[in-house]
Amino acid sequence: MTDERGLTRREVLAALAAGGAAALGVGALLRARDGSSDDDLPAEAAGALKALGTAVRAAHPDLLDDPAAVGDLDVDDVGADPLGALTAARPRIEADYAEGAVLDVQGWVLSRTECVIAAIAAPA
Amino acid sequence: MFRDARSLTHGERLRTPICVVGAGAAGITLARDLAARGHEVLVLESGGLDYEEEVQALHEMEMTGRLFGPADDPYPVTTTRLRYFGGTTNHWAGYCRPLRPVDLETRPGLARSGWDLPYEELARWYPAATEVLGLSSDRFDPAHWAEHGHGPPLLHDDLVETVVFQLSPVNFGTRYRDELERSEAVTVLLHANATGLRTDESGRRVTEVAVRTLEGGQATVEAGVVVLAMGGLENPRLLLASNERGGIGNDHDLVGRFFCEHFQHTLGFAVVARPPEALAAYHRQTHEVAGQEVTVQSALVLNDDVLRREGLLGLEVQLAVADLAGDDVPGTIDGPTVRDLGAVLGAASAEGPARSVALCQVFAEQELNPTSRVLLTDEVDALGMRKAALHWDHTDLDRRSIEAGLAIVGRALGRRGLGRLQRTLGNLVPGEGEGPLGRIDIDPARATPDFHLAHGNHHMCTTRMAADPSQGVVDLDLRVHGTANLYVAGSSVFATPGVAAPTITLVALAARLADPLDRELS
């Protein structure tokens, strides 16, 4: 029996049952081996934020026209340093999740504020 | 002791104070309890001691409804349960977690909810069930298991809680075989298929159980009390097949209605700002408790107040965790990947970037739906008994609860900066990565509100318990309404399915049933 992704339920259960020990150890090794370091994270995050923003714009094309969503975010400031804006907006992002101010972006459950920042970061 | 119905004289009549039909978890639990109280019990088991193809084929039934499934993934109604000594515990996974009080509550927003049985009365029997199931404790909370070295919960707050289930090592067919073989009080009659119940003229007292073998043998069991313990599909089938007036206990056309399953399906991924080893509690872990090795696993459930406030059905989420930097990571066809969201999390949360990816295996409660039901067809099986058909539908609330419930899990992760969650509703396709998670790709364009839902192999509520005969088939003592001496055991008596695997609860209810039967027989 397979579901729509071609993965059998038995395989999923096996992963749930036994994947822990194997995945945990091997995963840690792989992380060490792939050469990634904390220095790479900002560039990686900036690219990821743009990718997310593109998806946000597609899913919610009017988001940046919604004053309630944009709030007091300065579009120019955010555009100049979107990662910094994201970091500065942490309390507001967490409040969005607490209050249910979330949007669906390709299935991701995301804070409205982080969606706005991502949309600004992405090319129009 | 064990006997075999194939060795009976054709037309032989057997007499017993109590006849239990079915030697699965419920039937064996009840038979052992009654024997311990000094009662003689005859247990009728359709199969033998091992799997037999021709016996299993007696489970074949027609399926209709929205959940019939795609052609390559139909509901495995024949194999989802097993028809030999030990019943479906011969292939069960062993997941045990009691229902919670909220599962038994009448909840706003649900058209039918609530058990008439007080939670305290059910909970009184869980310790007995834990013993039968070989569990070490009747404690299922994270705080208790933390004392035994089980890892900390990721979430445990007013949106999403962590629960712990134990895995039972007990296969009833092997664990209790020797005991029942040695028993003088319990006779297990193998290859004995109950094909009908006969009543006295009033129609209220069952006097006989008709028994047939696949070899053409016939026998009759005269019993003072009869208990049906054949599972959520066969219990209603036998009731419906047992008289010409629409079935025993069916004055209100409820026998077989409200069939419920637990939806069980991969419906999301989460990226989490914790390394995989910090989430180890959500995989199976074995701990030593008082010299006994116990396997437990944590899962996420919606907080009780959320269920009440939002009018949602219950939801449990099990996690399969991998390192986000490893190869065992799902891909994305077109859109931001799980790694992208993990990186974004690093800027958006003080917890830092995601370190883990967790597959979300959803386990969801179904709404009671009167159109989902077991019926009889005009076809007959190899025993000459009318075959059953199952019409199984889902409701809009079933799907809405899953979607909304996963969003709440996503919110719970987000408000603590712990992670982000993606619902993958029907858009998973085969991937080419390594490991179970890496063999999955997410194709966002394929998401559909009519996403496929798979099953948990649990058959419930088809002879539901209710004090009012117009609302259920059995009363709070599990006696069939309108009958004097006919009882039902098993998950078919659940008033609602709840959101925990049913075995521990059906064993608790079977243990409880020994009380009224003991009084009646004494």
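Analyst: We take a helix contact, then strand pairing. This is a predicted model, where local features need pLDDT of at least 70, side-chain atom pairs count only at pLDDT 80 or more, and totals for chains, interfaces and linings use all residues. Residues are numbered from 1 along each chain as its sequence is written, with chains lettered from A and ligands numbered from 1 in the order in which they are written.

User: At what angle do the axes of α6(A) and α12(B) cross?

Analyst: Axes are lines fitted to C-alpha atoms, for helices over the stretch in contact, with angles from 0 to 180 degrees between N-to-C directions. Helices (H or I, at least four residues) and strands (E, at least two) are DSSP runs, numbered from the N terminus. Here α6 (residues 90–99) of chain A and α12 (residues 396–415) of chain B cross at roughly 150°, their axes coming within 8 Å. The two helices are therefore roughly antiparallel (over 145 degrees).

User: Which residues make the contact?

Analyst: Contact means C-beta atoms, placed from the backbone, within 7 Å. α6(A) supplies Glu94(A), Tyr97(A) and Ala98(A), and α12(B) supplies Arg411(B), Gly414(B) and Arg415(B).

User: How do I read the strands?

Analyst: Two strands pair if DSSP finds at least two bridges between them. In chain B, β8 (residues 193–199) and β9 (residues 206–212) pair antiparallel over six bridges. Gly196(B) stands opposite Ala210(B). Six residues separate β8(B) and β9(B) in a hairpin, and Gly203(B) in the turn has a positive phi of about 80°.

User: What does β9(B) pair with next?

Analyst: β9(B) pairs with β10 (residues 218–228) of chain B, antiparallel over five bridges. Val211(B) has Ala219(B) as its bridge partner. This hairpin has five residues between its strands, with Gly216(B) in the turn at a positive phi of about 100°.

Notes. Angles under 35 degrees count as roughly parallel, over 145 as roughly antiparallel, 65 to 115 as roughly perpendicular and the rest as oblique. Two residues are in contact if their C-beta atoms, placed from the backbone, lie within 7 Å.
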